[in-house]
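Biologist: Could you take me through the ligand site of this model? I would like to begin with the contacts and then turn to the pocket.

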Amino acid sequence: MTCAQRVRYDSVLRLAIFGGTFDPIHTAHTRAAREAADRFALDKVLFVPAAHPPHKSDGQTTPFEHRYRMVEIACREDARFEPSRLEEGSERSYTILTIERLRARLAPGDEIYFLIGADAFAEIGSWHRSADVLRAVDFIVVSRPGYELKIPEGARVHRLETLALPLSSSEIRRQLETEGTAEGLHPEVLAYIRAEGLYR
Ligand code: ATP
Ligand code: MG
C-alpha cells in the first residue's frame, strides 16, 4: 500500500519520513531505516530525496531524477521502504511543507515520525519554521560517529543508538571520483552509477 492509496482507515498507520540528499543513497541509510522500522514498528519508511536541498547549492548536487532512481533501487530491499516524490519540483525542499503534504494524505490518527541522523538533527534550529517542524512530528535520531545528541526544548525525540555507521555520501563520492568504486553502496546502485557515468 502506498500513501497515495490509503485504504485501511480501521487501523493506525505509523510511518516515517526519511529526508536527505541521497547523493548517492548508501547502506547506512537503509540500515538505519530498517532498524528504525523494526524498533518503532513502522509500517512504512518514506525515502524523500530533496529536489533542492536548502543547505546545498544546486550546482553541487546530482540531478534529482538520478538520485530518485538510486533511492528507488535501494528501496527494493525491504517491503516497508518506499521512494517518495514529495519534494520533487522547482521549489526549495522545506521539511515542514513535506510534513504538511503528507499529513493531508493520511487519516487523522496516523502517526508521522521523522528519521534523521544526529548530524542533521544538530542543525534543526536553522530549519525553515523549525518550531512547527518540532511540534509536527516525533523524531527518531540515529547516532552518527562524531555527533552528540542535543535535544531542543519541546522536541519529542526517540534515540536509535545501536548503530554507529561510518559511511557518508561525501566519502563515497570521493572514492568514486578517485578510485572508480566505493564501499557501502548497494550493488545495483553501483551498477546504476556506472551505467549512467555518475560521480566521475
Ligand atoms: P553527505 O555526506 O553528502 O552529507 P550523507 O551520507 O550525510 O551525505 P544525506 O543524504 O546528507 O547523506 O543524509 C540523509 C539522512 O541520513 C540525514 O538525516 C543523515 O544524518 C542520515 N545519515 C546519513 N549517513 C548516516 C550514517 N552513517 N549514520 C546515521 N545517519 C546517517
Ligand atoms: Mg549529510
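**Ligand site and pocket**

Modeller: In this predicted model, a polar atom in the side chain of Ser170 is 2.3 Å from an oxygen atom of ligand 1.

Biologist: And how much of ligand 1 does the protein bury?

Modeller: The protein buries 91% of the 590 Å² that ligand 1 exposes when taken alone.

Biologist: What about the side chain of Asp119: how far is a polar atom there from an oxygen atom of ligand 1?

Modeller: That distance is 2.5 Å for Asp119. In the side chain of His26, an N or O atom lies 2.9 Å from an oxygen atom of ligand 1.

Biologist: Which residues come nearest to ligand 1?

Modeller: There are 22 residues around ligand 1, and those that come nearest are His26, Asp119, Leu165, Ser169 and Ser170.

Biologist: How does the shell around ligand 1 divide by class?

Modeller: It holds eight nonpolar, 10 polar and four charged residues.

Biologist: Which elements each supply at least two residues of that shell?

Modeller: The strands β1 (14–20) and β4 (111–117) do, as do the helices α1 (27–39), α4 (118–121) and α6 (169–179).

Biologist: Turning to pockets, what is the space taken by ligand 1?

Modeller: Ligand 1 takes the space of the largest pocket. The volume of that pocket is about 1100 Å³.

Biologist: How many residues line the largest pocket, and which lie nearest its centre?

Modeller: The lining has 42 residues, with Gly19, Gly20, Thr21, Asp119 and Ala120 nearest the centre. Two or more lining residues come from each of β1, α1, α3 (95–105), β4, α4 and α6.

Biologist: Which element gives the most to the lining?

Modeller: That is β4, which contributes four residues.

Biologist: And what are the classes in the lining of the largest pocket?

Modeller: The lining comprises 20 nonpolar, 15 polar and seven charged residues.

Biologist: A change of topic, to the backbone. Is the peptide bond from Asp23 to Pro24 cis or trans?

Modeller: The bond from Asp23 to Pro24 is cis, and its omega is near 0°. Pro24 belongs to the loop between β1 and α1.

Biologist: What is phi of Phe22 near, and where is the residue placed?

Modeller: Phe22 has a phi near 50°, which is a positive value in a residue other than glycine. Phe22 is located in the loop between β1 and α1.

Conventions: Residues numbered from 1 in each chain as written. Chains lettered and ligands numbered in written order. Predicted model: local features only at pLDDT ≥ 70, side-chain atom pairs only at ≥ 80, totals over all residues. Heavy atoms only, no water. Near = heavy atom within 4 Å. Polar contact = N/O pair within 3.5 Å; in protein donor to acceptor, adjacent residues only side chain to side chain. Areas by Shrake-Rupley, 256 points an atom, 1.4 Å probe, with all protein chains shown as cover. 1 Å grid on protein atoms, 1.4 Å probe; cavity = no way out; pocket = protein on both sides within 12 Å on 5 of 7 lines; lining within 4 Å. Sits in = over half its atoms within 2 Å of the grid points. Nonpolar A, V, L, I, M, F, W, Y, C, P; charged D, E, K, R; others polar. Points joined across faces, edges and corners; volume = space filled by probe spheres on them.
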